[in-house]
Amino acid sequence: YDLRNEDLKDLMELGHGNGGSVKKVEHIPTKTIMAKKIVLIDAKPSVRKQILRELHIMHDCNSPYIISFYGAFLCDPNICICMEYMDKGSLDGIYKRIGAIDIDVVGKVALAVLEGLTYLYDVHRIIHRDIKPSNILFNSQGQIKICDFGVSGELINSIADTFVGTSTYMSPERIQGAHYTVKSDVWSLGISLIELALGRFPFSESDPDDSDLSDLEGTLSPNTIGIPTKKEREQNAKKDKRKSKGVSLQGGGMMMSILELLQHIVNEPAPRLTPEGRFPWEAEDFVDSCLLKDPDARKTPKDLLKHAWIEQARASTFDLEAWASTF
Ligand code: ATP
Ligand code: MG
């Protein structure tokens, strides 16, 4: 495809996250339906061009577990990324619509994500960096694929410069400043699987073990939480000076909640698939091994493909296409 913005007709809004928004579009010349992600980037033209060059690697990412890439282009001041459209949307949207996801489906999700991560790392040395239900997509053919992986170092840097986001799916070692490894993605997968199986985010107010987090209700969302940008912090600081108070008011409360959650992830035992006995023990054991707090003890996606629960998911005859037709 030689993609130009003029050839794309907007059909509908699919959603938006911290980095930008996603629309369902039609590529008029070829009648192809696509998802167009518009990423807001505040960077120099040379950096934008570098990002486009780096995104090119996505043309070589061909796997049944990875969203296909049609192309990317500049539409000042944004970058547009066109990718395969998945008609059932992301898994966060699905569980919010239909409730907790059947554990057989969750097993298939674990299998697909591990296959996708193993492909990205073994073939391209790419670490995903943002595994969460909103980046796992589903379609009516019953396919499960991952999207929004960190192909472009420059893009990651530019987004970090314009918007400092932190994710509640982040592993303890990442929170403590260690570099990303494939094992950080495994932690995020573990958190995501609990969220899908229980139909709620694992660190939330209805969990009795997390009663110390109850006051965070409302500020804690399973999606990325925003930390005030440099500009916002400066503005807050100005406001504070005027009010001659020592702490930031507007951003301050929010910031505290985020720090409390991050501290909780680092210091408290990892969440588990509970109550015990509700799910197959193989599923409990798999989630436990994703959520080992010590990254040296945690397995890689490739090793986890050999886990008993994943072998069951592979052998399972559960019909995802039939399941997709129920919602
Ligand atoms: P964040 O910005 O924190 O990563 P997010 O993943 O929800 O959050 P986006 O990546 O901008 O934000 O995606 C917004 C929504 O668009 C997703 O939640 C998903 O439901 C939908 N979406 C994204 N890509 C596709 C796609 N290829 N096909 C169908 N829907 C998509
Ligand atoms: Mg996303």
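## Pairing in the sheet

Two strands count as paired when DSSP finds at least two bridges between them. Keep that in mind for E2 and E3, which pair in the antiparallel sense over eight bridges. This is a predicted model, so everything below describes computed geometry.

Within that pair, glycine 20 stands opposite valine 39 in E3. E2 and E3 also form a hairpin, with four residues between them. In the turn you will find lysine 31, which has a positive phi of about 60°.

## The rest of the sheet

Let us step back to the whole chain. Its 327 residues include 35% that are buried, and its secondary structure comprises twelve helices and nine strands. Of the contacts between residues at least 6 apart in sequence, 67% link residues at least 24 apart.

Five of the strands form an open sheet, with antiparallel pairing and the order E1-E2-E3-E5-E4. E1 and strand E4 (69-75) each have a single partner strand, so they stand at the edges with one side lacking a neighbour in the sheet. From one strand to the next, the twist averages 25°.

E1 meets E2 in antiparallel fashion through seven bridges, and a hairpin of three residues joins the two. Here methionine 12 faces lysine 24 in E2, standing opposite it. Further along, strand E3 (residues 32-40) runs antiparallel to E5, and seven bridges join them. Lysine 36 has cysteine 82 in E5 opposite it. Helix H1 (residues 45-55) packs on the sheet, where it touches E4 and E5. The direction of H1 makes about 175° with that of E4.

## Around ligand 1

Which residues are closest to ligand 1? They are Gly15, Gly17, Ala35, Ser90 and Ser134, out of 25 residues that surround the ligand. By type, the shell divides into 13 polar, nine nonpolar and three charged residues.

Strand E1 (8-16), strand E2 (20-27) and strand E5 (78-84) each supply at least two residues. E1 gives the most, with three residues.

## Lysine 37

Lysine 37 sits in strand E3. An unreviewed UniProt entry carries the annotation "binding site" at Lys37. Is lysine 37 buried or exposed? The cut-off for buried is 20 or more other C-beta atoms within 10 Å; lysine 37 has 22 C-beta neighbours inside 10 Å, so it counts as buried.

Setting aside neighbours within four places in sequence, the contacts of lysine 37 are Gly20, Val22, Cys80, Ile81 and Met83.

## Phenylalanine 327

Our last stop is phenylalanine 327, in the segment after helix H12 (320-324).

Phenylalanine 327 still has contacts elsewhere in the chain: not counting residues up to four places away in sequence, it touches Ile94, Arg97 and Ile98.

Methods. Residues numbered from 1 in each chain as written. Chains lettered and ligands numbered in written order. Predicted model: local features only at pLDDT ≥ 70, side-chain atom pairs only at ≥ 80, totals over all residues. Near = placed C-beta within 6 Å. Nonpolar A, V, L, I, M, F, W, Y, C, P; charged D, E, K, R; others polar. Axes fitted to C-alpha atoms, helices over the stretch in contact; angles between N-to-C directions. Contact = placed C-beta atoms within 7 Å. UniProt positions renumbered as here; feature names shortened; annotations may be inferred. Buried ≥ 20, exposed ≤ 12 C-beta atoms within 10 Å, placed from the backbone.
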